[in-house]
Amino acid sequence: MNLSKFSVKRPVTTFMIILIIILLGFVSFTNIQTDLFPSINLPIAAVSIRYPGASPEEVENIVTKNVENALVTVSNVEEISSTSSEGSALLIIEFNQGTDMDGAMLELNESLDLVMSYLPDDVSNPLIIQFDPNMLPIMSYSITMDGHDMWETTNWMDDVFSTRIESVEGVASVNVSGGIIKEIQITPDMEKMAELGITSQMLSQILIANNVNLPSGSVSEDTIDYSVRTLGSITSIEEISDVTFVSPTLHIPVKLADFASIDFVNTNTKSYNKVNGVDALTISIQKQSGYNTTEVAHRVEDEIAKILDDYPAVTVTTIFDQSDYIDQMVGNVSLSALIGAILAVLILYIFLKDIRPTFIVGIAIPISVIATFVLLYFSNITLNVVSMGGLALGIGMFVDNSIVVLENIYRLRSEGMSKKQAAIIGSKNITGAIVASTLTTISVFLPVVFLQGMTADIFKDMALTIAFSLSTSLFIALTFVPMISSKILKKDVSTHHKFLDRMKKAYTRVLTWSLKRRAVVLFLALSIFAGSVYGVLDMGTEYFPPTDEGQVSISVIMEKGTSYANTVDEVKIIEQALKDYDDIDIINATVGGSSFFMNFGASSFDSGSITVNLVSSEDREKTTLEFADMLREDLQSLTQAEIVVNVVEQNGMAMMTGSGVSVEILGSDLKVLEMIANDIRDQALTIEGVLDAETSLEKGSPELVVLPDNTKVAMSGLTTYQIAKQVSTVIQGSRLSSVRIDNEDITLRLMNPEEITKETLGDIEFNTPYGTIVALKDLAEIKEQVGYTSISRKNQTRLLTVSTTIEEGYDTGTIGDEMNAIIDDYDIPEGYQINLSGEAEETAAAFKDLLFAMIIGVVLVYMIMAAQFESLKHPFIILFSVPLAFTGAFLALLVVGSPLSVPAFLGMIMLTGIVVNNGIILVDYINRLRRDGNSVKNAILIAGPVRLRPILMTSTTTILALVPLSLGIAEGTEMLIPLAVTVIGGLLFSTTLTLIIIPVLYSLFNKDKKKSKNKKKGKRNEK
């Protein structure tokens, strides 16, 4: 079916089809969800197991190793990593890509159930979660209440704020930090207890026994059954005070309040949380999987506004809101796309000097975009920075098909054809070429769709968006453009353009010269290509370019074992210093917070964390990275603590790819691992561009170790467990039960009235079964030592990591190469291995996948062109434009000083499909002229100047459409800069050289038939 002919003959039908597309597009656009990134499928599960009181070595030997042995039997497990810390084990299980995670989680649970039955009773049941980027908080706020203390604020937060926010549709959980943790502590007077003859054991038993609700059966009367319940649970402090005991010595009833103090206390006293110097509660909000980030965030903001109306004393400060960044990022990419479209239309007018054809293409762009939204909606693709980037890139190519069709119609119209005839014939003549060029561009993205891993998840949306946009633009070019052209194009059109006419004459002279000196032209092209490849490889590589998100984290690391109070003092010094920086908007300081999200980690009092939010990029001169470098230099001199400053990336890429360049050292002996790690760290610090390097093995805090003497313990009639339990009870108190007061469960704890110190630890007394009292120091040796904070393992082997901090202006690829050289030269002991990891490893894996996709894409492009030309030779000639495009891409990266990154590599894949389009248009016309009887040389010299204008128009519009993205003026578009720069550079260079190299190669591989016949006749005559 000839779409163009149908469209011209049936204009009303065509117009109605376009209106239907526009209507569906608007409905689709209003229902498409927005998000920061596409949905990323990470086949990873995490298992957390508690073993209270156990050292890292004990956790490793008793828990971690046994669990690892069980988990390796689970299907599709690719890698198991673990960290054994004091009292807990954390295991990360990574499955093969494409694994059914529902089935994997079920099998994981079964394996864990089996191994847990063999572990000690004190080992907790495992907490198992499937890792999902949606688990990360999408919003964070600080809360203060004027005229209310932290106790009242915490109560209000628990009773009102958290409850109302958790009821918002799409909110999964609200986590509060810095608040009061309530506990009822009972501290007995030991002298009074002795007078009354009440023991600690009696005290505990009676308190527990008086805090119960029990069903007591049922009784019947007549036809009614009555259930009987005994209600004895404690619901207030007064009821605790009134618990009655009978004195064994005085034989009188006494109340608990007569010999003990009962206090409502805050057990979270070692928690420092301030926002801009004011005590505050900090909340983080997680959304449910499957819900849109911005929609959930907007609902939360609406509910917070209502809460503030109801409670005027409350102040809510936004620390982090991912929806703002998403809206800003998507909005800025959209703006860049809009500016690019306007520039593309303007350049058309400059080329055509006629408002009517410019108007046609200008209308075709938004129609194509709207049609694309329909396909995006039905493909469940969100509007994220990646898909919007694909749309922005597609806009430059939207106009290519329309330009080629319109230019051909425009040319035939100027030769005297009628409007309808020019529209039908002009479209028909060029249909094969634009279909082939569209298919070649789409085909290079097909392999990206079928790749696996995080890189594929991220860029699959872009590949599909570009494929959809090009498909819609092809449809519009073959329907709307011929139809509207047959109605509005003027009769007396003129294709004369002084500048273009001069350019055509100059191009004809250059082309004639090149055809006479083909060897020189090809040698120069190959030399430039080789030089550009060498130059870009020398620049290095990176995974993704850093983004300027205006957030910096500062870690204040004290000596192990430093008290909470001393850590807070050092954090306050940094807080005070930060107030002098005008570019800082919010300062959020914490000490004693969780060291791992989802409460998988433990609190640490020898380090503090400060998160700094900067003012918007328009209001500051320095980038976030530059500001972080300045802070790193300024703050270190203010304190004795170690200051670590890092840029926070809300997009989560840093977390998913690891640090810039890391080295993994695997082996069995921790001392040997530590020696190797220290050697690698020292050598890493000598690499130019490495600011800092540190090992993952840290000495723990000083600890007192109780080593029971088995003989003495046995002679006393006690057991090691009884000794450990009594020591824990005396130091930490004994948890009796929980009581429900004001609809809140609160722990009831029996405390030891005397504070235990290092000197008095050995004086803890034990009642033996023989009726004697013995001290701890008579049963055990008490030693002071320093252990390891944690022990890491990978695939059942101990692991140490050396991580580096890279200076701005240096790339992970170059530093990774130098680190590899260090590893190659290092004398590795037998049984140990050293591997490069982190972002450098992810970059290498991504490049390998993308290179495979590029090779497959080139093969597909060749096959499509072979089918188009019914030739194996002509597609081979056109493919020579691909290395020319790579040359331009490499030179562009060199000019802007950007390393070769994943987005830049994707830009090169795009170029593979784009640049052949010019060659297709040129070779297609040369072949047509040769079929009309022209010689090879004449066909080239005619086709080149005729196709010069459409080639320049399509390339220029694509380039100009990408200029706003390449400049990175708008915040949030940094990730797309290398991609845009690569495409622009490739198009600039390949467009210029394609017009010369392709004709030269065509003349080399094609000979005139008459000359060939004459040569054959001559040879036969000679014979």
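User: At what angle do helix α29 and helix α30 pack?

Analyst: This is a predicted model, where local features need pLDDT of at least 70, side-chain atom pairs count only at pLDDT 80 or more, and totals for chains, interfaces and linings use all residues. Residues are numbered from 1 along each chain as its sequence is written, and side-chain values use heavy atoms, without hydrogens and water. Axes are lines fitted to C-alpha atoms, for helices over the stretch in contact, and angles run from 0 to 180 degrees between N-to-C directions. For α29 (residues 936-967) and α30 (residues 977-1005), the axes are 10 Å apart and the angle is about 180°.

User: Which term describes α29 relative to α30?

Analyst: Angles over 145 degrees count as roughly antiparallel. The pair packs at about 180°. Therefore α29 is roughly antiparallel to α30.

User: How many charged residues are in the contact of α29 with α30?

Analyst: Asp, Glu, Lys and Arg count as charged; Ala, Val, Leu, Ile, Met, Phe, Trp, Tyr, Cys and Pro as nonpolar; the others, Gly among them, as polar. This contact has 19 nonpolar and 5 polar residues, and the charged ones number none.

User: Which strands stand at the edges of the open sheet of 6 strands?

Analyst: Strands are DSSP runs (E, at least two residues), and helices are runs of H or I with at least four, numbered from the N terminus. Two strands pair if DSSP finds at least two bridges between them. The order is β14-β13-β18-β19-β17-β20, with antiparallel pairing.

Terms used. Parallel < 35°, antiparallel > 145°, perpendicular 65-115°, else oblique.
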